Amino acid sequence: MEHLALNTALATALAAGASVATGALGFYCYAAQSPASQLFGRTAIAPRQPNQIALTFDDGPNPRWTPMLLDILARHNVRATFFLIGKYAVLQKPLVREMQAAGHRIGNHSWSHPNFAWTGNRQTREELTRTQQELESILGQPVRFFRPPYGARRPYTLGLARSLGLTPVLWNAMTADWNAASGDPATQRKDAAAIAERLTALIDRNQRRGFASNIVLHDGGHSTLEANRAASITAAALLLDRFTPTRQFVTLEAWERQA
Ligand SMILES: [Zn+2]
C-alpha cells in the first residue's frame, strides 16, 4: 500500500501544477537518499561497504570537460561510472570509447533526459532502447546500468529497464553541483570547495550508517552539450585527493558482484 500512497501523493503534486514540480522532484531525491528506500520497486543505491566510494558522473559526455575529468581520474588511478545521455554519446563516439578503454563503466541515462514520471510508456521505451542500442554498438559490449534522470521513475520504467538487462541505480550523495556554472575562476574554486565539503559530509554520514557512498556529480548538462562543469570536475579532484589514501574507489560493477 505504501507504493499506492506515494503514487497518489505524486499525482496530487503533479495535478497542482508546475510550481509543485520541484517539490515532487525533492520528494524523489529525499526518498532516493535513504539507502534502504526501495520505492516503486528495487533500485540499487549502495551496499554495506562503508569504506567504499563510487564516483558516478551524469549528463555527459561533454567534449570540453569530460576529457579533463578523465585525466584527473587517471592521475589518481581511479575508475568511475558515467551515465551518458544517448544523443550526446552518438556525437562523441571516440570519447566514449576512450572512457571505456580507461576502465570506466558506461551507463544508460536516457536519450534526451526526460522526467520518466511524466512520459508515457512508448516514449519511455524509445528513450531507453535507443540509448541502449547506440551505447552497446559504440562499446561492443552490454550496458548494465540505468540511472533515471532526476531519479524519477514509475514501475513501468523499472520493469522495462530490467527487461533490457539494466540494473536501475540511484545514489546516496548528491549536491546541486550543476548550479555552479559561473565563468569566474575564483567563484568556481569556491563552488568546488563547497561541493566537496557537502559531499564529504554525506560520505561520512553514509560511512557512519555502515554504507558505501554512491556519489553523483555532473560532467555534462542535459540542456546543453558543453555545459560549464569546472566546479564539478574540481570538486571530484578534491574528493580524490581527500579520500584515495583511506577509502576504496570502485565502479558500480564491483557492487553488482557483491549483491
Ligand atoms: Zn541527469
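Me: Helices (H or I, at least four residues) and strands (E, at least two) are DSSP runs, numbered from the N terminus. Which residue just after α7 takes a positive phi?
Reply: Gly-165, with a phi of about 85°. This is a predicted model: local features need pLDDT of at least 70, side-chain atom pairs count only at pLDDT 80 or more, and totals for chains, interfaces and linings use all residues. Residues are numbered from 1 along each chain as its sequence is written.

Me: How many helices and strands does the protein chain have?
Reply: Ten helices and eight strands.

Me: What makes Thr-157 in α7 count as buried?
Reply: The count of neighbours does: buried takes 20 or more other C-beta atoms within 10 Å of a residue's own, exposed 12 or fewer, partly exposed in between, with C-beta atoms placed from the backbone. Thr-157 is buried in α7, and so are Leu-158, Leu-160 and Ala-161. Across the 259 residues of the protein chain, 46% count as buried.

Me: What covers the buried residues of α7?
Reply: The cover includes α6, β4 (145–146) and β5 (167–168). In α6, Asn-121, Thr-124, Arg-125 and Leu-128 meet Tyr-156, Thr-157, Leu-160 and Ala-161 of α7; contact takes C-beta atoms within 7 Å. By class, that contact has four nonpolar, three polar and one charged residues (nonpolar: Ala, Val, Leu, Ile, Met, Phe, Trp, Tyr, Cys and Pro; charged: Asp, Glu, Lys and Arg; polar: the others, Gly among them).

Me: At what angle do α6 and α7 pack?
Reply: Helix α6 (residues 121–139) packs against helix α7 (residues 155–163) at about 35°, with the axes 10 Å apart. Axes are fitted to C-alpha atoms over the stretch in contact, and angles run from 0 to 180 degrees between N-to-C directions.

Me: Why is α3 called roughly parallel to α9?
Reply: Helix α3 (residues 66–75) and helix α9 (residues 230–243) cross at roughly 5°, and their axes come within 10 Å. Angles under 35 degrees count as roughly parallel, over 145 as roughly antiparallel, 65 to 115 as roughly perpendicular and the rest as oblique. So α3 is roughly parallel to α9.

Me: Which residues meet between α3 and α9?
Reply: Met-68, Leu-69 and Ile-72 in α3 meet Ile-233, Ala-236, Ala-237 and Leu-240 in α9. The contact has seven nonpolar, no polar and no charged residues.

Notes. Two residues are in contact if their C-beta atoms, placed from the backbone, lie within 7 Å.
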